[in-house]
Amino acid sequence: MFLAELICSDEECELTLEAVDHLVQLELLVCEDCDCCLQIVSISSLEAVELEAPPEPALAA
Ligand SMILES: [Zn+2]
């Protein structure tokens with residue numbers, strides 16, 4: 001998983017977006033406003049932030 005900061009590739013569109021996803025999915029993202037492709041401007045690995053719920057005690061008092 002990666003945390004990516006994306007901008008719209010359309011120069012007239014000011015959209016910026018942060019997304020957490022697999023790299024292939026990030027590259028497929030399109031702008032919600034104008035449907036242009038988004039460009040990744042920064043990316044960082046989130047290997048440690050896999051969605052993993054801590055185990056909860058099954059018995060409630
Ligand atoms: Zn756009």
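Leu 28 is located in the loop that lies between α1 (23-27) and β3, where helices (H or I, at least four residues) and strands (E, at least two) are taken as DSSP runs and numbered from the N terminus. The structure is a predicted model, in which local features need pLDDT of at least 70 and side-chain atom pairs count only at pLDDT 80 or more, whereas totals for chains, interfaces and linings use all residues. Residue numbers start from 1 along each chain as its sequence is written. Burial is assigned from C-beta atoms placed from the backbone, a residue being buried if 20 or more other C-beta atoms lie within 10 Å of its own, exposed if 12 or fewer do, and partly exposed in between. Leu 28 is exposed because it has 11 other C-beta atoms within 10 Å. Although ten residues separate Leu 28 from Leu 38 in sequence, the C-alpha atoms of the two are 8.0 Å apart in space.

As a whole, the chain contains one helix and three strands, which follow one another from the N terminus in the order β-β-α-β. Of the 61 residues in the chain, 7% are buried. Contacts are defined between residues whose C-beta atoms, placed from the backbone, lie within 7 Å; among those in the chain that link residues at least 6 apart in sequence, 48% join residues at least 24 apart.

The three strands form an open sheet with the order β2-β1-β3 and antiparallel pairing, two strands being treated as paired if DSSP finds at least two bridges between them. Since β2 (16-21) and β3 (38-45) stand at the edges with a single partner strand each, one side of each is left without a neighbour in the sheet. On average, and with direction ignored, neighbouring strands of this sheet are turned by 25° against each other, the axes being lines fitted to C-alpha atoms (for helices over the stretch in contact) and angles running from 0 to 180 degrees between N-to-C directions. In general, the strands of a sheet pair through backbone hydrogen bonds, in either a parallel or an antiparallel manner.

Strand β1 (residues 2-8) pairs with β2 in the antiparallel sense over six bridges. Within this pairing, Ile 7 has Thr 16 of β2 as its bridge partner, and Leu 6 stands opposite Leu 17 in β2. The pairing of β1 with β3 is also antiparallel and extends over seven bridges, with Leu 3 placed opposite Ser 44 in β3.

Ala 4, which lies in strand β1, is buried because 23 other C-beta atoms are found within 10 Å. When residues up to four places away in sequence are not counted, Ala 4 touches Ala 19, Leu 26, Ile 40 and Ile 43. Ala 4 and His 22 are 18 residues apart in sequence, and the separation between their C-alpha atoms is 9.7 Å. Met 1 itself belongs to the segment before β1 and counts as partly exposed, because it has 16 C-beta neighbours inside 10 Å.

Conventions. Two residues are in contact if their C-beta atoms, placed from the backbone, lie within 7 Å.
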